[in-house]
Amino acid sequence: QVQLVESGGGLVQAGGSLRLSCVASGSIRNINTMAWYRQAPGKQRELVAVVTSGGSTNYADSAKGRFTVSGDRGKRTWNLQMNSLRPEDTAKYYCNGNIREWGGSPGDYWGQGTQVTVSS
């Protein structure tokens, strides 16, 4: 059973920074994509940033220039460095991984989410 656990959320003033981390554990053969999503109250979950299987990174327009995603497949961890935070970044952030278990097919796994609140 694969599990993802996030950490690093919290309350920060506008203009501040936070670093989110995700650690994957379990019977993992390989990790394909490593991503961060967020969901604000009353809104749909949206992709924030992703490290692709090829190692490139992609960002939502709202995150470009402020957020940096990184990942280490060997350590089964990925991070989201968030700078210049804005009140509209307030949401619950989820890490997501497309992961193949030993003896299985690749599937999407989610963490439990970590709350990020940015005050004005």
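These exercises work through a predicted model of one protein chain.

**Exercise 1. The make-up of the chain**

Work out how many helices and strands the chain has, and the pattern they follow.

Solution. 
- Start with the count: the chain has 0 helices and 11 strands.
- Now read along the sequence. The pattern is β-β-β-β-β-β-β-β-β-β-β.

**Exercise 2. Overall size**

Decide how the radius of gyration of the chain stands against that of a compact globule.

Solution. 
- For 120 residues, a compact globule would have a radius of gyration near 14 Å.
- Take the chain's value. It is 14 Å, so the two agree.
- Along the principal axes, the C-alpha atoms fill roughly 50 × 25 × 25 Å.
- Of the 120 residues, 38% are buried.
- Finish with contacts. Consider those between residues at least 6 apart in sequence: 56% of them join residues at least 24 apart.

**Exercise 3. Partners of E3**

Trace how E3 pairs with E1 and with E8, and name a residue pair for each.

Solution. 
- Begin with E1. E1 and E3 are antiparallel and share 5 bridges. Here Gln 3 stands opposite Ser 25 in E3.
- Move to E8. Strand E3 (residues 18-25) and strand E8 (residues 77-82) are antiparallel over 6 bridges. Here Ser 21 has Asn 79 in E8 as its bridge partner.

**Exercise 4. Two faces of E1**

Sort the side chains of E1 by face, and say which are buried.

Solution. 
- Leu 4 and Glu 6 point to one face.
- Gln 3, Val 5 and Ser 7 point to the other.
- Check burial, with under 20% relative accessible area as the cut-off.

**Exercise 5. A charge over rings**

Identify the rings that Arg 45 lies over, with the distances.

Solution. 
- Take Tyr 94. Arg 45 lies over its face, 3.8 Å from the ring centre.
- Take Trp 110. The charged end of Arg 45 sits over this ring too, 4.6 Å from its centre.

Note on methods:
Residues are numbered from 1 along each chain as its sequence is written. This is a predicted model: local features need pLDDT of at least 70, side-chain atom pairs count only at pLDDT 80 or more; totals for chains, interfaces and linings use all residues. Side-chain values use heavy atoms; hydrogens and water are left out. Two strands pair if DSSP finds at least two bridges between them. Helices (H or I, at least four residues) and strands (E, at least two) are DSSP runs, numbered from the N terminus. A charge sits over a ring if NZ of Lys or CZ of Arg is within 6 Å of the ring centre and within 35 degrees of the ring normal. Buried means under 20% relative accessible area, exposed over 50%, partly exposed in between (1.4 Å probe, protein chains only). The radius of gyration is taken over C-alpha atoms; the globule rule is 2.2 Å times the number of residues to the power 0.38. Contact means heavy atoms within 4.5 Å.
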